[in-house]
Amino acid sequence: MGKARSQGNADVAIIGGGIIGIATAFRLAQAGRQVVLIERDAPANAASRGNAGAFAFPSILPLASPGILFKAPKWLFDPLGPLSIPPAEFPKVLPWLLRFFRASMPDRIEASTAAQAALNRLSETETATLTREAGLDHLVRHDGALELYESEAAWRASLKSWERCEKAGVEIEHVEGARLAELQPGLSPRLVKGVFLPQWKTVSDPRDYALALLEAARARGVKLVAGAVSHLAVSTEGVMVTLEGGQTLKAAHAVLAAGPWSSKLTALLGDKLPVTPERGYNTTLPPGSFDLKRQVIFPAHGFVVTPLATGIRVGGASELAGFDAPVNYKRARNMLDKAAGFLPGLKREGGTEWMGSRPSMPDSLPVIGRASSSPRILYAFGHGHLGLTQSAATARLITDLILERTPPIDISPFRPGRF
Ligand SMILES: Cc1cc2nc3c(=O)[nH]c(=O)nc-3n(C[C@H](O)[C@H](O)[C@H](O)COP(=O)(O)OP(=O)(O)OC[C@H]3O[C@@H](n4cnc5c(N)ncnc54)[C@H](O)[C@@H]3O)c2cc1C
């Protein structure tokens, strides 16, 4: 290794330039802190690039839930279904899966739903503040989303969940017939019922949104450093961050926001945290491939179709597999086939396929809190299906912790020490 070089000092070093790291950098810079954001790749090039672009504030029911225990076995027998585990990956995934099933038990679900609902409520207000302050309101669409059902029975089976959402303050409109056709013309007649969620929002494109937020952060003094963090060490003066190649950087605090890769660094700090890569796939068709009025969601099939400024994005699914497992784009094609059946006018040519890994925790709640070894190191990862949705709230909570302010919600459900 060559002679170590120092990149200088900062108040806060953030590791990971995905949407969580970027939003946190923006919020801390707004609060007057000197921030460096360290990213080993291009910023917002992992899951934060290709996701479905939803601020899914009404999505308060954790994925780990009693319902999934009934659906999962059937789904797992379909290799292209909404949830899959390639056989070779099963032994690696098993410990996470056992925790996931444990978190899905009725005795756990009330607490995790309350925590998710509180975080999503905060996310709604914090996102409005952040987009206003960053000048990004023009990138947010206020069109709501539409969940679609192929039978009266499937819709009936969903009613209990919707009642729980309504109790938590989620606005819901059950729709059919002319109202359904008004919300989204051109649907297959197989789709007989819908649920309209007016509080749901989408961004014009998740990568564009993240990069625009990064620009707003840089305009407030955030410095972007290219490099991969390999080590963190704490002393009485602060945190020493070491990059591959030997460069070092000193900061009063460090925030670990490295998505599904975060556990490699927490392990060095003595915290074994079960964040796993949960892959999703999609195809982005050229703009105009369908006259889509708002995001449409197919809960029985685990995918959504989103109108973005950059095209029509068809995707979702959940594949539990390690970083090195082969990529299976058949999954993206399978969802596109299904979407063409539900949206008969969809032009399916000219699409770009993509795969990305969600940073998923077995109890479907993110990790937001301090490392066990030092209050100077904060964790902000594990947002699973809701990283974009919860980015502004996470940024607010991490800023409150660093500034020693009392957070506006109880953050104990997100504590790293819960595992
Ligand atoms: C198909 C799909 C659809 C989705 N749809 C939605 C949606 O509609 N709404 C929603 O809210 N969420 C959605 N998500 C989830 C969302 O994309 C993620 O939760 C979110 O992007 C996670 O952001 P992050 O910043 O934590 O992680 P990432 O985006 O993974 O960023 C982490 C960054 O850390 C960097 N990094 C890692 N290790 C190091 C290191 N040692 N040194 C330096 N840098 C490092 C990586 O290069 C990466 O850029 C979806 C995900 C998928 C896959």
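View 1. Strand 5 and strand 9 (residues 201-203) run antiparallel and are joined by 2 bridges. Look for Val140 here: its bridge partner in strand 9 is Val203. Keep in mind throughout these views that the model is predicted.

View 2. The strands follow the order 3-9-5, with antiparallel pairing. Strand 3 (54-55) and strand 5 (140-141) stand at the edges with a single partner strand each, so one side of each has no neighbour in the sheet.

View 3. Strand 11 (residues 229-234) pairs with strand 12 (residues 239-243) in the antiparallel sense, over 5 bridges.

**View 4. Helix 4 has a kink.** The 14 residues of helix 4 (residues 90-103) reach 19 Å from the first C-alpha to the last, close to the expected 20 Å. Where is the kink in helix 4 centred? Trp96 marks the spot, and the kink is about 35 degrees.

**View 5. The ligand sits among 41 surrounding residues.** The closest are Gly16, Gly18, Gly259, Gly280 and Gly387. Several elements each supply at least two residues of the shell, including helix 1 (19-30), helix 2 (47-50) and strand 2 (35-39). Strand 14 (276-285), strand 17 (311-320) and strand 18 (352-360) also each supply at least two. By type, the shell divides into 18 nonpolar, 19 polar and 4 charged residues.

Notes:
Residues numbered from 1 in each chain as written. Predicted model: local features only at pLDDT ≥ 70, side-chain atom pairs only at ≥ 80, totals over all residues. Near = placed C-beta within 6 Å. Helix = DSSP H or I, 4+ residues; strand = E, 2+ residues; numbered from the N terminus. Nonpolar A, V, L, I, M, F, W, Y, C, P; charged D, E, K, R; others polar. Pairing = 2+ DSSP bridges. Expected span 1.5 Å × (residues − 1). Bend = angle between axes of the 7 residues up to and from the residue.
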